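I opened the file to look up the contact between the chains and the confidence behind it. My notes follow.

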Amino acid sequence: MKLDCKHVWEHISGYLDRQLDAALLEAVEKHLENCEVCSAVLDSTRNVLVLTADDRTYELPVGYSERLHDRLRAAMRGETG
Amino acid sequence: MLIGRILAGETELFHELIRPYERLVYVTIFAILKNETEAEDGAQETMISAFRHLKSFRGDAKFSTWLVTIAMNEARKRLRKGKTAAEDSLDATVEDHEGGDYTPAVLTDWREIPLEALEKKELREKLRAAVANLPEKYREVFVLRDIEELNQEETAAALGINVTLVKVRLHRARIMLQKALVPYLKSEAPYVAEGKPARGGFFRRWFA
């Protein structure tokens, strides 16, 4: 199986999630070995995901947990009491 | 077990039940609304609603998925409320655009960027903004799969769509974000750092 760049781009997400079947995976990897453009696309997409998985990208406001439990306690009291 | 006791009257235990999911609920709503105050209020409403409807939780779903479904509905409700009609129709146009061109930004002169460049605070801000700018249906899938790290089946269940659609939308969301972020990723790459050990935690999925 020989793939051109456009086809490889369609499988970037599946590749990162390790969901490609064996034949497709081999074809994609073969292409990536020789194609700097696609390697850069893969690399930059992966960087986006690394950044997304960084806990500091989405942080909780200070005091969030306390306020949440306070409000919950008040709501629960209102219902049971 | 815990849920059974709460339903039997030990309502105080509900605080313990939700503690592991506080972050999940807030971040889900925040990533959709991009407003801290709204997200916090929405997270509180989600937990109250979960308490009120705990009886209807069925053990065959994961508690986290059930909670995320409530959070997602809360976020959607708030999004509709705060939106003008013009914005709604704009979104609809994008949504109809199923056969669109979802190609990544092509880079020339790309070198592997040093891991420390990803440490930049501005980059995280750019990412949050880009996520917030995704059309809603792509953003929802991206939030659940790549921020909350739910699996495909859980994401499909939480959104009421099938797994194939989850895959398609996730792919497009990632490509759109790649496109949006590349200019910043690129300019952050003045040199190649070699032999840097990957840190634990935030590389858990992508460099494993």
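What pLDDT does chain B average? This is a predicted model, so I checked confidence before anything else. Chain B averages 81, and 75% of the residues score at least 70.

For the complex, the predictor gives an ipTM of 0.90 and a pTM of 0.81.

Next entry: the interface. I found 44 residues from chain A and 61 residues from chain B in the contact. About 5100 Å² is buried between chain A and chain B, and carbon and sulfur atoms give 62% of that area. Of the area that chain A buries against chain B, A:Leu51, A:Tyr58 and A:Arg71 supply 15%, more than any other three residues.

The rule finds 7 salt bridges across the interface of chain A and chain B. In the one between A:Asp17 and B:Arg174, the closest N and O atoms are 3.1 Å apart.

Last, the side of chain A that touches chain B. Helix 1 (5-10), helix 2 (12-16), helix 4 (36-53) and helix 5 (64-80) of chain A each supply at least two residues to it. Helix 4 of chain A gives the most, with 14 residues. By class, I noted 19 nonpolar, 11 polar and 14 charged residues on that side of chain A.

Note on methods
Residues numbered from 1 in each chain as written. Chains lettered and ligands numbered in written order. Predicted model: local features only at pLDDT ≥ 70, side-chain atom pairs only at ≥ 80, totals over all residues. Heavy atoms only, no water. Contact = heavy atoms within 4.5 Å. Buried area = accessible area lost by both parts, 1.4 Å probe. Salt bridge = Lys/Arg side-chain N within 4 Å of Asp/Glu carboxyl O. Helix = DSSP H or I, 4+ residues; strand = E, 2+ residues; numbered from the N terminus. Nonpolar A, V, L, I, M, F, W, Y, C, P; charged D, E, K, R; others polar. pLDDT = per-residue confidence, 0-100.
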